[in-house]
Every structure is written in structure tokens, then in C-alpha cells.
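Reader: I've just loaded this one, and I'd like to know what stands behind the labels. Can you take me through them?

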Amino acid sequence: MATLLQQLSNVTTVVADTGDLAAIQAFQPIDATTNPSLVLKAMGQPLAESLISTAVAWAKQQGGDQATQLDNTADKLVVSLGMEILKHIPGRVSTEVDARLSFDTEKTLAKARKLIKLYEDAGIGRERVLIKIASTWEGIKAAEILEKEGINCNLTLLFSFAQARACAESGVFLISPFVGRILDWFKKQNPGTDYAPEEEPGVVSVSDIFNYYKRHGYNTIVMGASFRNIGEIIALAGCDRLTISPNLLEELSASEGNLQVRLHAQAASADKPQALSEAEFRWLHNEDAMATEKLAEGIRLFAVDQNKLEKMLSERLVG
């Protein structure tokens, strides 16, 4: 009998949520995603020393003050890691914009264009990269502009239906609605409550977004993310894509059973709702206490890991 991972791969595009090259080689996903936390973790790999040394040398060549060199080192490093990942997957790698720029459209645009240029200067076409951006209003508007420039985006830290609507209405290539972090919030609010996988708030959220997109004919890809267990993954079989951590990929590959497709694309209607205004978006998102708290927390945590990464790189620059 085929494993659950093999069966899932037949109905959903499986993406590795890791910067661990060994895991990517082992599970052979189509795509891979990274974020500041995963990049920081990847710095413990054997290849990391070479990537860091190359990034530092390149940044020093570019010149500028210490802040400029640090910024260039960090950008070169994440692109170099992305390039290594691309050697082992047929699809795309997601590379994240600095979370500290999440509320600045213009700086997000500048960073995204810089990252794409670094890839292209190294011979990697933009069609193999997704730029990850936090799903703030400013981030969504930056993605709308980037998409028109042929730079495809992955809108992350997505928790509310308002975020999902605004992304689709802005023509974003792909969204990463979170599952496990939503469950975390509800469990904290309701200690001792148990949910069946298909009834978990995060699973319900992704299912609702998927069905809404398909019903209205939006082309934006739905990629469920942030899983706590394989039950959540199985409950979303049939979703466009699912990005899964190595430990859960391992569990799926070691499990057998009959996987049922849970999400089915519906026939799209011709009409689409009127696009949300900024004021409407902010109000609807604000009305969702979970989404408001988890978006802010996610940005803060990514910023913490970005700072840790830069502290390590700063020591190398002056060393």
C-alpha cells in the first residue's frame, strides 16, 4: 500500500517547510519554503560556513558602511541558501523579505527587487522564486505591484479571511494560511478543549479560504502551512499545496492508510465581490482577535530571529 505521503502527493503539491538540504533530498518535494527562523536553523548545517564566508566576502566587495555591508551579507546569504535548495527541487523556493519591513510598502518593494536581482545575477530566473511577504495591508499592496512586474509572491502569516480576500483581490500568486498557530491560539483561550482534525479552527479557516477562492474563480494558490500534526494535513488533502516540516513529512512517509480527498475545486461563478478598501480590510482584520494577535506575534518572532542572524553575521564582518 502507498504511504500517506505518496497518496497526498498525488492530490496536493507537497512543499518542504525547511532549509535543511538533507531533508529536502530525502523527501523530494516540488517546492521549498524558508523564513528567518528556518534560515537561522540552517546555519547549523555543514554547508553554512561556506555560504556565510561567500556572503561576507561579497558584501565587503560591494563596499559601503557597516550597516550596508550587514544588509548585503544577510541578503546574499538567504539567496545563496535558496540557490542550494533549488539544486534539489524542480520547482520554486520561497525567500522572505525582512519582517521588520512589514508595514512599509516601498521598502518591501525595494527589498523584493533586490533579492530577485541577486538571484538573476547568479543565473536563477525569477520564475523559480517566490518572494515571501507578511500579509499586512502594506505587504499585500507591495505584492500587487510586484506581481505586475513578473515577481511572484507568497503572502505569509495569514490568519484572517480579510487577509485572504485582499490577497486574492490584489492578484497575489500564492498565500500561506497558517493552521497550527491558529489552533495554538484557540487552545490557549480554551484550555482542555480537544478538536477533531477536520474541526480544528485552522483547518476550517484554510478550507473556507480554499472554497471561497474556487467558488469565485480566483487564481491565487492556497498553500496550507504551520502544521502541528498529520491529522491536520490529512484533513486538507486536495488543497492546492501544503508546506510541511521534515518531522511531519517523515511521519507521513512512515504511515499507511486510505487517504481521502477532503477539498474539491468547485465550478467558479462569473462574479467576484467588490474589492476591499483599506479601511474595510483593517476593520475586518481588527475584528478577528486571533488573527490580529497572531499576525503581530509572527512578525515580532521573525524579527527576533532576523536580529539573531544579523548579530552572527555582524561578528563575521568585523572578524
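This is a predicted model: local features need pLDDT of at least 70, side-chain atom pairs count only at pLDDT 80 or more; totals for chains, interfaces and linings use all residues.

**Labels and their cut-offs**

Author: Let's start with a pair of helices: H4 and H5 cross in a right-handed way. For a crossing, the near helix is compared with the far one: turned anticlockwise by less than a right angle is left-handed, clockwise is right-handed. Numbering starts from 1 along each chain as its sequence is written, and side-chain values use heavy atoms, with hydrogens and water left out.

Reader: Why are H4 and H5 called oblique to each other?

Author: H4 covers residues 48-62 and H5 covers residues 66-86; they pack at about 140 degrees, with axes 8 Å apart. Helices (H or I, at least four residues) and strands (E, at least two) are DSSP runs, numbered from the N terminus. The axes are lines fitted to C-alpha atoms, for helices over the stretch in contact, and the angle between N-to-C directions runs from 0 to 180 degrees. Under 35 degrees is roughly parallel, over 145 roughly antiparallel, 65 to 115 roughly perpendicular, and the rest oblique. The value of about 140 degrees falls in "the rest", so H4 and H5 are oblique.

Reader: Which residues make that contact?

Author: Contact means heavy atoms within 4.5 Å. On the H4 side, the residues include Leu 51, Ile 52, Trp 58 and Lys 60, and on the H5 side they include Asn 72, Lys 76, Leu 77 and Glu 84. By class, the contact has eight nonpolar, five polar and three charged residues. Nonpolar here is Ala, Val, Leu, Ile, Met, Phe, Trp, Tyr, Cys and Pro; charged is Asp, Glu, Lys and Arg; polar is the others, Gly among them.

Reader: What about H9 and H10: what makes them oblique?

Author: The axes of H9 (residues 180-189) and H10 (residues 201-216) come within 7 Å and cross at roughly 135 degrees, and that makes H9 oblique to H10. Ile 182, Leu 183 and Phe 186 of H9 meet Pro 201, Gly 202 and Ser 205 of H10. This contact has four nonpolar, two polar and no charged residues.

Reader: Why is Cys 153 called buried?

Author: Buried means under 20% relative accessible area, exposed over 50%, and partly exposed in between (1.4 Å probe, protein chains only). Cys 153 has 0%, so it counts as buried, and Cys 239, at 1%, is buried too.

Reader: What makes Gln 28 and Ser 226 worth a look?

Author: Their backbone phi. Most residues other than glycine have a negative phi. Gln 28 has a positive one of about 50 degrees, and Ser 226 has a positive one of about 60 degrees. Gln 28 is in the loop between H2 and strand E2 and, at 64%, counts as exposed. Ser 226 is in the loop between strand E7 and H11; at 11% it counts as buried.

Reader: Is Asp 17 buried or exposed?

Author: Asp 17, in strand E1, has 19% relative accessibility, under the 20% line, so it counts as buried. Beyond four places in sequence, Asp 17 touches residues including Thr 33, Leu 38 and Thr 243.

Reader: And why is Ala 268 called partly exposed?

Author: Its 47% lies between the 20% and 50% limits, so partly exposed is the label. Ala 268 is in the loop between H12 and H13, and its contacts beyond four places in sequence are Lys 214, Arg 215, His 216 and Gly 217.
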